[in-house]
There are 2 protein chains.
Amino acid sequence: MSILQNAQAVLKLYSADCLELTVTDVARRLDMPKANASRLMKAMRDTGMLSTIGDTMRHRPGTVMLDLAAIFRRSSRLISRASEAVSTLSTQFGHTGYISILDRQEVTAVADFPGTNALRVVSNIGRRLSAHQSATGRSILARMSDDEVAALYEEQPLTGSLRSQLSQIRRNGFAASSQESTAGVDAIAVAVGDPATHEIISLCIVYPHGIVDDDGRNQMLKALARAAGEIAADFGDSAFVAPNLE
Amino acid sequence: MSILQNAQAVLKLYSADCLELTVTDVARRLDMPKANASRLMKAMRDTGMLSTIGDTMRHRPGTVMLDLAAIFRRSSRLISRASEAVSTLSTQFGHTGYISILDRQEVTAVADFPGTNALRVVSNIGRRLSAHQSATGRSILARMSDDEVAALYEEQPLTGSLRSQLSQIRRNGFAASSQESTAGVDAIAVAVGDPATHEIISLCIVYPHGIVDDDGRNQMLKALARAAGEIAADFGDSAFVAPNLE
DNA sequence: ATCATATGTTCCAAAATATGGAACAACGGA
DNA sequence: TCCGTTGTTCCATATTTTGGAACATATGAT
(Lines give C-alpha, C1' and ligand atoms only; values in the text may rest on other atoms or scores of the structure.)
Protein backbone atom coordinates (compact mmCIF):
# COMPACT_ATOMS: atom_id res chain seq x y z
CA MET A 1 0.00 0.00 0.00
CA SER A 2 1.34 3.37 -1.00
CA ILE A 3 2.48 5.72 1.71
CA LEU A 4 0.16 8.31 0.22
CA GLN A 5 -2.83 6.13 0.99
CA ASN A 6 -1.55 5.65 4.50
CA ALA A 7 -1.15 9.37 4.91
CA GLN A 8 -4.69 9.84 3.77
CA ALA A 9 -5.89 7.13 6.15
CA VAL A 10 -4.26 9.05 8.99
CA LEU A 11 -5.84 12.32 7.94
CA LYS A 12 -9.19 10.60 7.65
CA LEU A 13 -9.03 9.57 11.29
CA TYR A 14 -9.51 13.19 12.21
CA SER A 15 -13.08 14.30 12.72
CA ALA A 16 -15.12 16.66 14.84
CA ASP A 17 -14.81 14.05 17.62
CA CYS A 18 -11.14 13.37 17.15
CA LEU A 19 -9.08 16.52 16.94
CA GLU A 20 -5.70 15.09 17.86
CA LEU A 21 -3.82 11.82 17.47
CA THR A 22 -0.68 10.22 18.86
CA VAL A 23 1.54 7.66 17.15
CA THR A 24 -0.03 4.92 19.24
CA ASP A 25 -3.56 6.06 18.39
CA VAL A 26 -2.76 5.83 14.73
CA ALA A 27 -1.04 2.45 15.04
CA ARG A 28 -4.01 1.07 16.93
CA ARG A 29 -6.75 2.53 14.80
CA LEU A 30 -5.14 1.67 11.49
CA ASP A 31 -3.93 -1.68 12.80
CA MET A 32 -0.39 -0.96 11.73
CA PRO A 33 2.94 -1.65 13.46
CA LYS A 34 3.80 1.38 15.54
CA ALA A 35 7.17 1.53 13.79
CA ASN A 36 5.22 2.30 10.67
CA ALA A 37 3.02 4.85 12.32
CA SER A 38 6.04 6.55 13.82
CA ARG A 39 7.87 6.86 10.50
CA LEU A 40 4.75 7.79 8.62
CA MET A 41 3.86 10.57 11.00
CA LYS A 42 7.42 11.82 11.02
CA ALA A 43 7.29 12.05 7.24
CA MET A 44 3.96 13.83 7.46
CA ARG A 45 5.37 16.28 9.97
CA ASP A 46 8.31 16.96 7.68
CA THR A 47 5.98 17.77 4.83
CA GLY A 48 3.74 19.91 7.00
CA MET A 49 0.70 17.68 6.66
CA LEU A 50 0.76 17.11 10.39
CA SER A 51 2.10 19.21 13.21
CA THR A 52 2.56 18.57 16.87
CA ILE A 53 0.49 20.54 19.32
CA GLY A 54 2.86 22.78 21.24
CA ASP A 55 5.66 20.42 22.24
CA THR A 56 3.46 17.48 23.13
CA MET A 57 3.36 14.27 21.09
CA ARG A 58 -0.19 14.86 20.04
CA HIS A 59 -0.64 15.66 16.39
CA ARG A 60 -3.14 17.75 14.52
CA PRO A 61 -3.39 18.55 10.82
CA GLY A 62 -0.62 20.87 9.67
CA THR A 63 -0.96 24.50 8.80
CA VAL A 64 -0.66 23.71 5.09
CA MET A 65 -4.26 22.60 5.31
CA LEU A 66 -5.30 26.11 6.22
CA ASP A 67 -3.62 27.52 3.15
CA LEU A 68 -4.98 24.84 0.86
CA ALA A 69 -8.50 25.28 2.13
CA ALA A 70 -8.22 28.98 1.41
CA ILE A 71 -6.94 28.24 -2.08
CA PHE A 72 -9.81 25.89 -2.69
CA ARG A 73 -12.30 28.60 -1.80
CA ARG A 74 -10.61 31.14 -3.98
CA SER A 75 -10.23 28.73 -6.89
CA SER A 76 -13.90 29.01 -7.68
CA ARG A 77 -15.63 32.22 -8.68
CA LEU A 78 -18.90 30.45 -8.00
CA ILE A 79 -17.95 29.79 -4.40
CA SER A 80 -16.69 33.34 -3.86
CA ARG A 81 -19.86 34.77 -5.29
CA ALA A 82 -22.09 32.49 -3.25
CA SER A 83 -20.13 33.22 -0.08
CA GLU A 84 -20.95 36.88 -0.33
CA ALA A 85 -24.61 36.09 -0.87
CA VAL A 86 -24.90 33.67 2.03
CA SER A 87 -22.95 35.95 4.29
CA THR A 88 -25.49 38.67 3.62
CA LEU A 89 -28.43 36.34 4.20
CA SER A 90 -26.86 35.12 7.39
CA THR A 91 -26.55 38.59 8.89
CA GLN A 92 -29.97 39.54 7.54
CA PHE A 93 -31.82 36.67 9.22
CA GLY A 94 -29.38 35.94 12.03
CA HIS A 95 -29.25 32.26 11.17
CA THR A 96 -26.20 30.22 10.25
CA GLY A 97 -25.51 29.78 6.53
CA TYR A 98 -23.34 27.36 4.60
CA ILE A 99 -21.91 26.80 1.17
CA SER A 100 -21.52 23.10 0.48
CA ILE A 101 -20.12 20.97 -2.29
CA LEU A 102 -20.64 17.36 -3.30
CA ASP A 103 -17.69 15.00 -2.93
CA ARG A 104 -18.56 11.51 -4.11
CA GLN A 105 -21.52 10.53 -1.94
CA GLU A 106 -21.01 13.17 0.72
CA VAL A 107 -21.46 16.88 1.06
CA THR A 108 -18.95 18.98 2.89
CA ALA A 109 -19.07 22.62 3.89
CA VAL A 110 -16.80 24.95 1.95
CA ALA A 111 -17.60 28.03 4.00
CA ASP A 112 -19.78 28.77 6.97
CA PHE A 113 -21.32 31.96 8.26
CA PRO A 114 -22.35 31.74 11.91
CA GLY A 115 -25.66 33.35 12.77
CA THR A 116 -26.03 36.27 15.09
CA ASN A 117 -29.19 35.25 16.91
CA ALA A 118 -28.94 34.28 20.57
CA LEU A 119 -30.36 30.88 19.63
CA ARG A 120 -28.44 29.73 16.60
CA VAL A 121 -27.10 26.57 15.09
CA VAL A 122 -23.40 26.25 15.80
CA SER A 123 -21.23 25.94 12.73
CA ASN A 124 -20.21 22.40 12.13
CA ILE A 125 -17.85 22.86 9.25
CA GLY A 126 -15.68 19.86 8.61
CA ARG A 127 -18.46 17.43 9.33
CA ARG A 128 -19.48 15.49 6.26
CA LEU A 129 -23.06 14.50 5.64
CA SER A 130 -24.45 11.77 3.39
CA ALA A 131 -25.66 13.56 0.29
CA HIS A 132 -29.05 11.85 0.32
CA GLN A 133 -29.59 12.46 4.01
CA SER A 134 -29.39 16.23 4.08
CA ALA A 135 -31.24 19.09 2.45
CA THR A 136 -28.05 20.57 1.13
CA GLY A 137 -26.99 17.24 -0.39
CA ARG A 138 -30.35 16.55 -1.99
CA SER A 139 -30.47 20.04 -3.48
CA ILE A 140 -27.29 19.13 -5.37
CA LEU A 141 -28.40 15.59 -6.29
CA ALA A 142 -31.61 17.06 -7.69
CA ARG A 143 -29.49 18.97 -10.19
CA MET A 144 -28.16 15.73 -11.61
CA SER A 145 -30.14 13.42 -13.88
CA ASP A 146 -31.61 10.24 -12.42
CA ASP A 147 -29.00 8.28 -14.35
CA GLU A 148 -26.15 10.28 -12.90
CA VAL A 149 -27.52 9.84 -9.39
CA ALA A 150 -27.94 6.11 -10.00
CA ALA A 151 -24.32 5.92 -11.21
CA LEU A 152 -23.19 7.64 -8.03
CA TYR A 153 -25.08 5.14 -5.90
CA GLU A 154 -24.39 2.04 -8.01
CA GLU A 155 -23.24 0.09 -4.97
CA GLN A 156 -26.24 0.81 -2.79
CA PRO A 157 -29.21 1.32 -5.12
CA LEU A 158 -31.24 4.37 -4.29
CA THR A 159 -34.64 4.05 -2.75
CA GLY A 160 -37.91 5.13 -4.31
CA SER A 161 -38.27 7.56 -1.44
CA LEU A 162 -35.15 9.41 -2.50
CA ARG A 163 -36.28 9.41 -6.13
CA SER A 164 -39.56 11.06 -5.23
CA GLN A 165 -37.82 13.52 -2.90
CA LEU A 166 -35.51 14.54 -5.72
CA SER A 167 -38.30 15.00 -8.24
CA GLN A 168 -40.15 17.13 -5.74
CA ILE A 169 -37.03 19.25 -5.25
CA ARG A 170 -36.74 19.63 -9.03
CA ARG A 171 -40.32 20.91 -9.15
CA ASN A 172 -40.03 23.16 -6.09
CA GLY A 173 -36.56 24.45 -6.82
CA PHE A 174 -35.44 24.02 -3.21
CA ALA A 175 -34.73 21.30 -0.65
CA ALA A 176 -35.72 21.29 2.99
CA SER A 177 -35.17 19.14 6.03
CA SER A 178 -36.46 19.09 9.56
CA GLN A 179 -34.32 17.62 12.33
CA GLU A 180 -32.73 15.22 9.89
CA SER A 181 -28.97 15.17 10.44
CA THR A 182 -29.08 17.07 13.73
CA ALA A 183 -31.86 17.04 16.30
CA GLY A 184 -33.58 20.39 16.65
CA VAL A 185 -32.20 21.77 13.42
CA ASP A 186 -34.12 22.60 10.25
CA ALA A 187 -32.58 23.59 6.94
CA ILE A 188 -33.44 25.01 3.55
CA ALA A 189 -31.10 24.72 0.58
CA VAL A 190 -30.87 25.77 -3.04
CA ALA A 191 -28.26 24.64 -5.57
CA VAL A 192 -26.64 26.63 -8.36
CA GLY A 193 -24.11 25.55 -10.96
CA ASP A 194 -21.46 27.02 -13.19
CA PRO A 195 -21.86 25.63 -16.72
CA ALA A 196 -18.26 26.62 -17.50
CA THR A 197 -16.78 24.29 -14.88
CA HIS A 198 -19.71 21.96 -14.18
CA GLU A 199 -19.39 22.78 -10.52
CA ILE A 200 -22.55 22.57 -8.46
CA ILE A 201 -22.77 24.10 -5.01
CA SER A 202 -25.50 24.45 -2.46
CA LEU A 203 -26.53 27.54 -0.54
CA CYS A 204 -28.06 26.54 2.73
CA ILE A 205 -29.59 28.22 5.77
CA VAL A 206 -29.96 26.28 9.02
CA TYR A 207 -32.03 27.37 11.99
CA PRO A 208 -33.32 25.96 15.26
CA HIS A 209 -36.51 23.95 14.84
CA GLY A 210 -39.62 25.59 16.20
CA ILE A 211 -38.55 29.21 16.33
CA VAL A 212 -39.33 29.90 12.69
CA ASP A 213 -42.94 29.78 11.52
CA ASP A 214 -44.13 29.09 7.97
CA ASP A 215 -44.15 32.76 7.13
CA GLY A 216 -40.62 33.26 8.40
CA ARG A 217 -39.43 30.26 6.47
CA ASN A 218 -41.03 31.51 3.29
CA GLN A 219 -39.33 34.86 3.68
CA MET A 220 -35.98 33.16 4.00
CA LEU A 221 -36.73 30.93 1.05
CA LYS A 222 -37.65 33.96 -0.99
CA ALA A 223 -34.41 35.73 -0.12
CA LEU A 224 -32.38 32.56 -0.70
CA ALA A 225 -34.15 32.04 -4.03
CA ARG A 226 -33.44 35.56 -5.15
CA ALA A 227 -29.77 35.39 -4.18
CA ALA A 228 -29.35 32.04 -5.93
CA GLY A 229 -31.29 33.29 -8.95
CA GLU A 230 -28.96 36.23 -9.36
CA ILE A 231 -25.93 33.98 -9.20
CA ALA A 232 -27.50 31.57 -11.69
CA ALA A 233 -28.17 34.46 -14.06
CA ASP A 234 -24.62 35.80 -13.70
CA PHE A 235 -23.10 32.44 -14.51
CA GLY A 236 -25.60 31.51 -17.19
CA ASP A 237 -26.84 28.49 -15.27
CA SER A 238 -29.77 27.38 -17.42
CA ALA A 239 -30.55 24.37 -15.23
CA PHE A 240 -31.48 26.59 -12.31
CA VAL A 241 -35.12 26.37 -11.30
CA ALA A 242 -36.45 29.43 -9.51
CA PRO A 243 -37.91 28.19 -6.23
CA ASN A 244 -41.62 27.96 -6.38
CA LEU A 245 -43.26 29.11 -3.14
CA GLU A 246 -46.90 28.26 -2.93
CA MET B 1 12.51 10.94 -3.02
CA SER B 2 9.43 9.81 -1.18
CA ILE B 3 6.13 10.17 -2.94
CA LEU B 4 4.91 12.05 0.09
CA GLN B 5 7.48 14.76 -0.50
CA ASN B 6 6.44 14.91 -4.11
CA ALA B 7 2.82 15.26 -3.08
CA GLN B 8 3.77 18.09 -0.79
CA ALA B 9 5.80 19.71 -3.55
CA VAL B 10 2.69 19.66 -5.73
CA LEU B 11 0.54 21.14 -3.00
CA LYS B 12 3.15 23.79 -2.37
CA LEU B 13 2.86 24.97 -5.98
CA TYR B 14 -0.55 26.31 -5.14
CA SER B 15 -0.69 29.88 -3.99
CA ALA B 16 -2.89 32.93 -4.19
CA ASP B 17 -1.53 33.39 -7.72
CA CYS B 18 -1.83 29.78 -8.77
CA LEU B 19 -5.21 28.33 -7.96
CA GLU B 20 -5.18 25.43 -10.40
CA LEU B 21 -2.64 23.11 -11.99
CA THR B 22 -2.56 20.63 -14.85
CA VAL B 23 -0.35 17.55 -15.16
CA THR B 24 1.91 19.42 -17.54
CA ASP B 25 2.17 22.41 -15.22
CA VAL B 26 3.34 20.16 -12.43
CA ALA B 27 5.77 18.25 -14.63
CA ARG B 28 7.28 21.49 -15.86
CA ARG B 29 7.44 23.30 -12.57
CA LEU B 30 8.80 20.38 -10.59
CA ASP B 31 11.06 19.34 -13.47
CA MET B 32 9.75 15.82 -13.43
CA PRO B 33 8.82 13.42 -16.25
CA LYS B 34 5.17 13.93 -17.05
CA ALA B 35 4.61 10.20 -16.58
CA ASN B 36 5.51 10.80 -12.98
CA ALA B 37 3.32 13.84 -12.63
CA SER B 38 0.42 11.97 -14.17
CA ARG B 39 0.67 9.02 -11.79
CA LEU B 40 1.35 11.20 -8.80
CA MET B 41 -1.66 13.38 -9.42
CA LYS B 42 -3.84 10.36 -10.06
CA ALA B 43 -2.79 8.98 -6.69
CA MET B 44 -3.50 12.33 -5.09
CA ARG B 45 -6.92 12.44 -6.69
CA ASP B 46 -7.66 8.95 -5.40
CA THR B 47 -6.79 10.01 -1.88
CA GLY B 48 -8.79 13.23 -2.16
CA MET B 49 -5.78 15.51 -1.80
CA LEU B 50 -6.47 16.87 -5.25
CA SER B 51 -9.66 17.10 -7.23
CA THR B 52 -10.39 18.06 -10.78
CA ILE B 53 -12.36 21.24 -11.38
CA GLY B 54 -15.66 20.18 -12.86
CA ASP B 55 -14.66 17.72 -15.57
CA THR B 56 -11.69 19.65 -16.84
CA MET B 57 -8.10 18.46 -16.41
CA ARG B 58 -7.27 21.32 -14.13
CA HIS B 59 -6.70 20.37 -10.53
CA ARG B 60 -7.27 22.17 -7.28
CA PRO B 61 -6.73 21.00 -3.70
CA GLY B 62 -9.25 18.38 -2.65
CA THR B 63 -12.16 18.88 -0.34
CA VAL B 64 -10.37 17.00 2.43
CA MET B 65 -8.39 20.17 2.94
CA LEU B 66 -11.54 22.01 3.90
CA ASP B 67 -12.35 19.48 6.58
CA LEU B 68 -8.81 19.39 7.90
CA ALA B 69 -8.58 23.15 8.10
CA ALA B 70 -11.79 23.16 10.13
CA ILE B 71 -10.38 20.48 12.42
CA PHE B 72 -7.22 22.48 12.91
CA ARG B 73 -9.23 25.47 14.03
CA ARG B 74 -11.33 23.45 16.41
CA SER B 75 -8.35 21.57 17.81
CA SER B 76 -7.29 24.61 19.77
CA ARG B 77 -9.37 26.26 22.46
CA LEU B 78 -7.03 29.20 22.20
CA ILE B 79 -7.86 29.70 18.53
CA SER B 80 -11.59 29.32 19.11
CA ARG B 81 -11.51 31.82 21.92
CA ALA B 82 -9.44 34.31 19.95
CA SER B 83 -11.67 33.93 16.89
CA GLU B 84 -14.66 35.13 18.85
CA ALA B 85 -12.71 38.08 20.14
CA VAL B 86 -11.35 39.15 16.77
CA SER B 87 -14.72 38.63 15.12
CA THR B 88 -16.20 41.07 17.61
CA LEU B 89 -13.42 43.60 17.10
CA SER B 90 -13.79 43.29 13.36
CA THR B 91 -17.49 44.13 13.38
CA GLN B 92 -16.92 46.82 16.00
CA PHE B 93 -14.33 48.73 13.98
CA GLY B 94 -15.28 47.55 10.51
CA HIS B 95 -11.71 46.53 9.73
CA THR B 96 -10.46 43.12 8.72
CA GLY B 97 -9.10 40.92 11.51
CA TYR B 98 -6.91 37.82 11.52
CA ILE B 99 -5.74 35.07 13.79
CA SER B 100 -2.29 33.88 12.77
CA ILE B 101 0.10 31.18 13.84
CA LEU B 102 3.83 30.70 13.42
CA ASP B 103 4.98 27.83 11.22
CA ARG B 104 8.77 27.64 11.11
CA GLN B 105 9.82 31.03 9.77
CA GLU B 106 6.46 32.03 8.39
CA VAL B 107 3.12 33.12 9.74
CA THR B 108 -0.09 31.92 8.23
CA ALA B 109 -3.65 32.97 8.87
CA VAL B 110 -5.81 30.50 10.76
CA ALA B 111 -9.00 32.50 10.50
CA ASP B 112 -9.97 35.79 8.93
CA PHE B 113 -12.82 38.17 9.60
CA PRO B 114 -13.50 40.52 6.70
CA GLY B 115 -14.24 44.07 7.66
CA THR B 116 -17.52 45.79 6.95
CA ASN B 117 -16.24 49.23 5.97
CA ALA B 118 -16.58 50.30 2.36
CA LEU B 119 -12.81 50.72 2.26
CA ARG B 120 -11.40 47.59 3.78
CA VAL B 121 -8.43 45.30 3.36
CA VAL B 122 -9.46 42.19 1.48
CA SER B 123 -8.81 38.96 3.31
CA ASN B 124 -5.71 37.29 2.08
CA ILE B 125 -5.91 34.06 3.98
CA GLY B 126 -3.63 31.39 2.63
CA ARG B 127 -0.87 33.84 1.92
CA ARG B 128 2.16 33.20 4.08
CA LEU B 129 4.29 36.05 5.35
CA SER B 130 7.86 35.98 6.63
CA ALA B 131 7.59 36.11 10.39
CA HIS B 132 10.11 38.91 10.75
CA GLN B 133 8.54 40.98 7.99
CA SER B 134 5.05 41.38 9.39
CA ALA B 135 3.53 42.85 12.52
CA THR B 136 1.68 39.64 13.26
CA GLY B 137 4.85 37.57 12.88
CA ARG B 138 6.95 39.87 15.03
CA SER B 139 4.33 39.90 17.76
CA ILE B 140 4.82 36.14 18.01
CA LEU B 141 8.62 36.24 17.71
CA ALA B 142 8.68 38.80 20.53
CA ARG B 143 7.14 36.16 22.79
CA MET B 144 10.12 33.91 22.27
CA SER B 145 13.50 34.44 23.91
CA ASP B 146 16.34 35.88 21.83
CA ASP B 147 17.97 32.45 21.87
CA GLU B 148 14.86 30.77 20.54
CA VAL B 149 14.56 33.34 17.78
CA ALA B 150 18.23 32.90 16.93
CA ALA B 151 17.75 29.13 16.75
CA LEU B 152 14.84 29.64 14.36
CA TYR B 153 16.99 31.81 12.14
CA GLU B 154 20.23 29.88 12.46
CA GLU B 155 20.71 29.78 8.69
CA GLN B 156 20.22 33.47 8.04
CA PRO B 157 21.36 35.28 11.19
CA LEU B 158 18.95 37.91 12.39
CA THR B 159 19.73 41.56 12.00
CA GLY B 160 20.21 44.02 14.78
CA SER B 161 17.24 45.90 13.43
CA LEU B 162 14.96 42.92 14.09
CA ARG B 163 16.45 42.50 17.56
CA SER B 164 15.64 46.05 18.51
CA GLN B 165 12.17 45.79 16.94
CA LEU B 166 11.47 42.73 19.05
CA SER B 167 12.66 44.29 22.27
CA GLN B 168 10.49 47.29 21.57
CA ILE B 169 7.51 45.01 21.03
CA ARG B 170 8.29 43.27 24.31
CA ARG B 171 8.22 46.65 26.07
CA ASN B 172 5.13 47.96 24.28
CA GLY B 173 3.17 44.71 24.31
CA PHE B 174 2.10 45.11 20.70
CA ALA B 175 3.54 45.08 17.19
CA ALA B 176 2.66 47.42 14.36
CA SER B 177 3.49 47.82 10.72
CA SER B 178 2.80 50.39 8.05
CA GLN B 179 2.63 49.35 4.40
CA GLU B 180 5.11 46.58 5.05
CA SER B 181 3.88 43.39 3.36
CA THR B 182 1.17 45.11 1.34
CA ALA B 183 1.20 48.65 -0.02
CA GLY B 184 -1.44 50.84 1.58
CA VAL B 185 -2.08 48.50 4.48
CA ASP B 186 -1.27 49.09 8.15
CA ALA B 187 -1.57 46.53 10.91
CA ILE B 188 -1.52 46.16 14.67
CA ALA B 189 -1.00 42.81 16.36
CA VAL B 190 -0.88 41.31 19.83
CA ALA B 191 0.18 37.78 20.72
CA VAL B 192 -1.21 35.48 23.41
CA GLY B 193 -0.15 31.99 24.41
CA ASP B 194 -1.54 28.92 26.08
CA PRO B 195 0.96 27.65 28.67
CA ALA B 196 -0.74 24.24 28.59
CA THR B 197 0.10 23.60 24.94
CA HIS B 198 2.84 26.18 24.34
CA GLU B 199 0.85 27.49 21.41
CA ILE B 200 1.29 31.13 20.57
CA ILE B 201 -1.11 32.94 18.29
CA SER B 202 -1.43 36.49 17.11
CA LEU B 203 -4.54 38.66 17.03
CA CYS B 204 -4.24 41.21 14.29
CA ILE B 205 -6.26 44.05 12.83
CA VAL B 206 -5.42 45.41 9.38
CA TYR B 207 -6.73 48.63 7.91
CA PRO B 208 -6.12 50.89 4.95
CA HIS B 209 -3.25 53.29 5.50
CA GLY B 210 -4.28 56.89 5.99
CA ILE B 211 -7.89 56.53 6.99
CA VAL B 212 -7.12 55.88 10.66
CA ASP B 213 -5.58 58.64 12.75
CA ASP B 214 -3.50 58.19 15.89
CA ASP B 215 -6.53 58.45 18.10
CA GLY B 216 -8.41 55.83 16.11
CA ARG B 217 -5.45 53.52 16.16
CA ASN B 218 -5.09 53.90 19.91
CA GLN B 219 -8.74 53.02 20.39
CA MET B 220 -8.30 49.87 18.38
CA LEU B 221 -5.12 49.02 20.24
CA LYS B 222 -6.95 49.48 23.52
CA ALA B 223 -9.77 47.18 22.46
CA LEU B 224 -7.31 44.65 21.04
CA ALA B 225 -5.28 44.82 24.22
CA ARG B 226 -8.32 44.27 26.41
CA ALA B 227 -9.54 41.32 24.34
CA ALA B 228 -6.08 39.72 24.36
CA GLY B 229 -5.69 40.45 28.07
CA GLU B 230 -8.89 38.62 28.88
CA ILE B 231 -7.78 35.61 26.87
CA ALA B 232 -4.36 35.67 28.53
CA ALA B 233 -6.03 35.77 31.94
CA ASP B 234 -8.38 32.89 31.06
CA PHE B 235 -5.54 30.68 29.91
CA GLY B 236 -3.12 31.71 32.64
CA ASP B 237 -0.65 33.16 30.17
CA SER B 238 1.88 34.76 32.48
CA ALA B 239 4.14 35.92 29.64
CA PHE B 240 1.48 38.25 28.30
CA VAL B 241 2.43 41.92 28.49
CA ALA B 242 -0.49 44.31 28.61
CA PRO B 243 0.01 46.78 25.76
CA ASN B 244 1.37 50.02 26.96
CA LEU B 245 -0.22 52.97 25.16
CA GLU B 246 1.53 56.21 25.83
C1' DA C 1 13.77 3.98 44.98
C1' DT C 2 12.08 0.23 42.08
C1' DC C 3 9.22 -1.89 39.10
C1' DA C 4 5.68 -2.04 35.56
C1' DT C 5 3.53 -0.01 31.75
C1' DA C 6 3.13 2.85 28.08
C1' DT C 7 5.10 5.77 24.93
C1' DG C 8 7.96 6.89 20.49
C1' DT C 9 12.32 5.76 17.78
C1' DT C 10 15.84 3.04 15.20
C1' DC C 11 17.70 -1.11 12.90
C1' DC C 12 17.67 -4.68 9.25
C1' DA C 13 16.62 -7.84 5.13
C1' DA C 14 12.45 -8.88 2.40
C1' DA C 15 8.71 -7.16 -0.29
C1' DA C 16 6.39 -3.72 -2.61
C1' DT C 17 6.52 0.66 -4.90
C1' DA C 18 8.28 4.56 -7.69
C1' DT C 19 11.12 5.94 -11.52
C1' DG C 20 12.28 7.52 -16.35
C1' DG C 21 12.18 6.69 -21.18
C1' DA C 22 9.39 5.85 -25.01
C1' DA C 23 5.27 4.62 -27.31
C1' DC C 24 0.35 5.52 -27.36
C1' DA C 25 -4.17 7.91 -27.55
C1' DA C 26 -7.17 12.08 -27.60
C1' DC C 27 -8.11 16.78 -28.28
C1' DG C 28 -8.13 21.36 -30.60
C1' DG C 29 -6.07 24.82 -33.71
C1' DA C 30 -3.95 26.20 -38.01
C1' DT D 1 -5.26 17.14 -42.87
C1' DC D 2 -1.36 17.88 -40.09
C1' DC D 3 0.79 19.62 -36.08
C1' DG D 4 1.46 20.73 -31.36
C1' DT D 5 -0.67 19.96 -27.37
C1' DT D 6 -2.44 17.27 -23.69
C1' DG D 7 -2.66 13.05 -20.42
C1' DT D 8 -2.01 7.94 -19.98
C1' DT D 9 0.23 3.27 -20.11
C1' DC D 10 4.11 0.06 -20.48
C1' DC D 11 8.50 -1.98 -18.79
C1' DA D 12 12.88 -3.33 -16.22
C1' DT D 13 15.60 -0.95 -12.78
C1' DA D 14 16.31 1.54 -8.63
C1' DT D 15 14.36 3.15 -4.54
C1' DT D 16 11.30 3.14 -0.90
C1' DT D 17 8.36 0.86 2.41
C1' DT D 18 7.42 -2.86 5.48
C1' DG D 19 7.22 -5.57 9.91
C1' DG D 20 9.53 -7.62 13.74
C1' DA D 21 12.39 -6.79 17.55
C1' DA D 22 15.54 -4.23 20.25
C1' DC D 23 16.21 0.26 22.25
C1' DA D 24 15.18 4.48 24.64
C1' DT D 25 12.35 7.53 27.34
C1' DA D 26 8.45 9.01 30.18
C1' DT D 27 4.62 8.17 33.47
C1' DG D 28 2.46 5.87 37.48
C1' DA D 29 2.12 2.66 41.16
C1' DT D 30 3.97 -0.02 44.96
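**Close-up views of a predicted model**

**View 1. Strands 7 and 8 of chain A lie side by side in a sheet.** In this predicted model, strand 7 (residues 185-194) and strand 8 (residues 199-208) of chain A pair in the antiparallel sense over 10 bridges, where two strands pair if DSSP finds at least two bridges between them, and where helices (H or I, at least four residues) and strands (E, at least two) are DSSP runs, numbered from the N terminus. Across this pairing, A:Ala187 stands opposite A:Val206 of strand 8. Residues are numbered from 1 along each chain as its sequence is written, while chains are lettered from A and ligands numbered from 1 in the order in which they are written. Because the model is predicted, local features need pLDDT of at least 70 and side-chain atom pairs count only at pLDDT 80 or more, whereas totals for chains, interfaces and linings use all residues.

**View 2. An open sheet of 6 strands in chain A.** The strands follow the order 5-4-3-8-7-6, with antiparallel pairing. Strand 5 (129-130) and strand 6 (175-178) of chain A stand at the edges, each with a single partner strand, so one side of each has no neighbour in the sheet.

**View 3. Helix 1 of chain A packs against helix 1 of chain B.** The two helices meet at an angle of about 65 degrees, with their axes 8 Å apart; axes are lines fitted to C-alpha atoms, for helices over the stretch in contact, and angles run from 0 to 180 degrees between N-to-C directions. The helices are therefore roughly perpendicular to each other, a term used for angles of 65 to 115 degrees. The contact is made by A:Ile3, A:Leu4 and A:Ala7 on one side and B:Ile3, B:Leu4 and B:Ala7 on the other, two residues being in contact if their C-beta atoms, placed from the backbone, lie within 7 Å.

**View 4. The side of chain B that touches chain A.** Here 44 residues of chain B are in contact with 42 residues of chain A. Helix 4 of chain B gives the most to this side, with 10 residues.

**View 5. The surface near DNA strand D.** DNA strand D is surrounded by 22 residues, of which the closest are A:Ala35, B:Ser2, B:Thr22, B:Thr24 and B:Ala35; a residue is near a strand if its C-beta atom, placed from the backbone, lies within 6 Å of it. Helix 3 of chain B provides the largest share of this surface, 5 residues.

Definitions and conventions:
Parallel < 35°, antiparallel > 145°, perpendicular 65-115°, else oblique.
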